Amino acid sequence: MSEIIEETKIDEEKKSAPQRKTKEQIKRERALNASMVILSKKNQDQLGIISVQPEKNIFFLSSRMFVKVYTLKGVELTDNRKKTLVSALCSFSKHRMRLSSFSYKNSRSPLVFLTVFFPGNSYAAVADEIDDFDRMLSTLMEDKFKIQFVTCNMGDVFMFIYMNFNGQMKKITSKTVMKKSINLKKNFFQDIKEVEGGYFINKNGKLGCTYICTQFPDELESPFVNLRKLGCAYLSCIDFQVLDKNYVSYFNRTLEESYNSKIEDNVENMINLTFILNMIYDSEKEQETCEELVSHILFEKGLIAAPGIGVQEKIVDSIASFGLFDFHCSKNVNFDIVSKLFG
């Protein structure tokens, strides 16, 4: 009997021991890691972008995140289709994701982008995971929607960053982004001066105000129909991630102890959410006319949104760059309201 127990113990130890990698696996991992192009120290320090993978259009950030950006192609989404889309994305991925909506003046409908964040210390560690996500995303679009998410190349990512700060398009190639001599912050972003009630961009005269949502209602009507009626440009995004079931239970138990009140575990319907908004104005007159209306529209929908006083530049940089420059302020919310903030 003791011999059987000993043999079982040895088998279990073998299973739990790390498997030695084959020469082919080691060679593949080295090739994958070598495919990353290191950016200049200036770009690493200013933007936190350490390197890029040019064939797959992947960014590696100093936060140990690999990031990929997709653009949405196809018909404009109705509220029901937005809800179905967010639900579908959450059903097959536990990664943090960001849906960005950019609405420029005179544009027929907002441009929509998806950013996905993959934590990892090396490209070899996440390469298969990213490829799997690509395949699942493509299958999802083909099966449920007449739309598709297409990978944004690095040039297009910085073309829209430039557009978001300057209000005009500028063709940018991926080779330009990888140049050792390029200063990405200086060439594609703008320095923001925070002023009372918002911010000011001295170079192009644009004004704006950012908002961070700090409280959400249990039920929500989308504020974007009314925001678009103002005729102003805006950039908005929702960061969302499915909550771990154990975390939700622990969170609820902590609240119960604090407030001495029973809270039901609604694990399947909870999500971690950030909603931030950047209104952009062409003149002081436009800002004076619309600023109070924006606050009223958000409050009327039950959203408590605070101006980003002290962090305006961080918020604008984050929204305009699809989250490459990261800023988020998450709250645990009811899943049903998420799609209503997809602008």
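How many disulfides does the count come to? After that, please take me through β12 (270–281).

Reply: The model is predicted, so local features need pLDDT of at least 70 and side-chain atom pairs pLDDT 80 or more, while totals for chains, interfaces and linings use all residues. Residues are numbered from 1 along each chain as its sequence is written, and side-chain values use heavy atoms, without hydrogens and water.

The count comes to zero disulfides. A disulfide is a pair of cysteine sulfur atoms within 2.5 Å. Take C213. The closest cysteine sulfur to its own is in C329, 9.5 Å away, so that pair is too far apart for a bond. C213 is also buried, at 1% relative accessibility. Buried means under 20% relative accessible area, exposed means over 50%, and partly exposed lies in between (1.4 Å probe, protein chains only). C152 is buried too, at 3%.

Now to β12. Strands here are DSSP runs of E with at least two residues, and helices are runs of H or I with at least four, both numbered from the N terminus. Twelve of the twelve residues of β12 are buried. Both faces are covered. One side carries M270, N272, T274, I276, N278 and I280. The other carries I271, L273, F275, L277, M279 and Y281.

Next, its partners. Two strands pair if DSSP finds at least two bridges between them. β11 (residues 233–242) runs antiparallel to β12, with ten bridges. There, A233 is bridged to I280. β10 (residues 207–215) is also antiparallel to β12, over six bridges. In that pair, L207 partners Y281. β14 (residues 331–334) joins β12 by four bridges, again antiparallel. One of them links L273 to K331.

On a 1 Å grid over the protein atoms alone, a cavity is a set of points where a 1.4 Å probe fits but cannot get out; lining residues have an atom within 4 Å of a point. Points are joined across faces, edges and corners, and volume is the space filled by probe spheres set on them. One cavity of 30 Å³ or more is counted. The largest cavity holds about 50 Å³. Its lining is N164, F165, Y199, I201, K206, N278, I280 and V316.

Definitions and conventions: On a 1 Å grid over the protein atoms alone, a cavity is a set of points where a 1.4 Å probe fits but cannot get out, and a pocket is an open set with protein on both sides within 12 Å along at least five of seven lines; lining residues have an atom within 4 Å of a point.
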